[in-house]
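Subject: Structure handover

Hello,

Here is the structure for you to look over.

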Amino acid sequence: MNRWAAFEKGDPGAVLEGAAEYLRFLKECNCSGFDLPKRSIARVENWGKAGESLSAIRSEVLRCRGCPLHQHRNRPVFGAGNGTARLVFVGEAPGRDEDLAGEPFVGEAGKLLTKIIAAMNLTREDVYICNILKCRPPENRNPLPQEVRACSPFLRRQIASIGPDFICALGAFAAQTLLKTDTPISRLRGSFHTFRSGGRRISVMPTFHPAFLLHHPERKRDVWADIQKLMQAMEPH
Ligand code: URA
């Protein structure tokens, strides 16, 4: 498989390795400089730093073909809400409704999330809502590791651009991906963890996913306890 085919299959590492090989070749030819447009250099330098605009990241997501999910999507779901929010909700991946609307959490689980946000005395416009994956996996199957690898730089850049103080990770997948752990959600939820973003520490509260609550309403009590901890931590001291 050539490197571009590897990249299309969701292995950007193969492309980086190809680029490194090319740079070594240029060095062997005694080539000591590159004539890259300033705009491209600035864009690469800004990756993952505060100051990169959400709209610049969004336009890359809309064009992204970094993994095979782009072949099946109707619309990528970048994220929505306040681009300078103190609180970001991170879910797993768009479902059918989100894929059609191009907006996160607009289906049944989304209605429940909207109620949770209202219970915090906030609106969806006060917070930012996004997902680990920007494109819908077929039949809502679990995201594959190569899809997460290809997509998570977008989320990291998104979070760096927003600069929140808090993240609420919705469900096992979001919590385990953000915190790079395989600890079950039942043990992660209910206490704060740390996500590092461009030298800043962001407090992460994992809780159960609203879709899980639709089938296990008895767990709403746990989620409300987690959300209350979050509200308390967000209060000005
Ligand atoms: N579930 C998610 O994790 N994200 C959405 O946007 C919708 C449902």
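What follows covers the ligand site and then the sheet.

Please keep in mind that this is a predicted model.

The ligand site

The ligand sits in the second largest pocket. Around the ligand are Gly-91, Glu-92, Ala-93, Glu-98, Pro-104, Phe-105, Asn-131 and His-209. Sorted by class, this shell holds 3 nonpolar, 3 polar and 2 charged residues.

Which atoms of Phe-105, Asn-131 and His-209 come up against the ligand? For Phe-105 the backbone is involved: an N or O atom there lies 3.0 Å from an oxygen atom of the ligand. Asn-131 uses its side chain, with an N or O atom 2.8 Å from a nitrogen atom of the ligand. His-209 also brings a side-chain N or O atom, 2.8 Å from an oxygen atom of the ligand. How much of the ligand does the protein bury? Taken alone, the ligand exposes 230 Å², and the protein buries 90% of that.

The sheet

There is an open sheet of 6 strands with mixed pairing. Its order is S1-S3-S2-S4-S6-S5. Strand S1 (80-81) and strand S5 (193-197) stand at the edges. Each has a single partner strand, so one side of each is left without a neighbour in the sheet.

Start with S2 and S3. Strand S2 covers residues 87-91 and strand S3 covers residues 128-131. The two run parallel and are joined by 4 bridges. Within this pair, Gly-91 stands opposite Asn-131 in S3.

Next, S4 and S6. Strand S4 (residues 166-170) runs parallel to strand S6 (residues 200-207), with 5 bridges between them. Here Cys-168 stands opposite Met-205 in S6.

On its other pairing, S6 meets S5 in the antiparallel sense, over 5 bridges. Two facing positions can be checked here. Arg-196 stands opposite Arg-201 in S6, and His-193 stands opposite Val-204 in S6. The hairpin of S5 and S6 has 2 residues between the strands. In that hairpin Gly-198 takes a positive phi near 50 degrees.

Best regards

Key
Residues are numbered from 1 along each chain as its sequence is written. This is a predicted model: local features need pLDDT of at least 70, side-chain atom pairs count only at pLDDT 80 or more; totals for chains, interfaces and linings use all residues. Side-chain values use heavy atoms; hydrogens and water are left out. A residue is near a molecule or strand if one of its heavy atoms lies within 4 Å of it. A polar contact is a pair of N or O atoms within 3.5 Å; within protein, one must be able to donate a hydrogen and the other to accept it, and residues adjacent in sequence count only if both atoms are side-chain atoms. Accessible areas come from the Shrake-Rupley method with a 1.4 Å probe; for residues, only the protein chains shown count as cover. On a 1 Å grid over the protein atoms alone, a cavity is a set of points where a 1.4 Å probe fits but cannot get out, and a pocket is an open set with protein on both sides within 12 Å along at least five of seven lines; lining residues have an atom within 4 Å of a point. A molecule sits in a cavity or pocket if more than half of its atoms lie within 2 Å of its grid points. Ala, Val, Leu, Ile, Met, Phe, Trp, Tyr, Cys and Pro count as nonpolar, Asp, Glu, Lys and Arg as charged, and the others, Gly among them, as polar. Two strands pair if DSSP finds at least two bridges between them.
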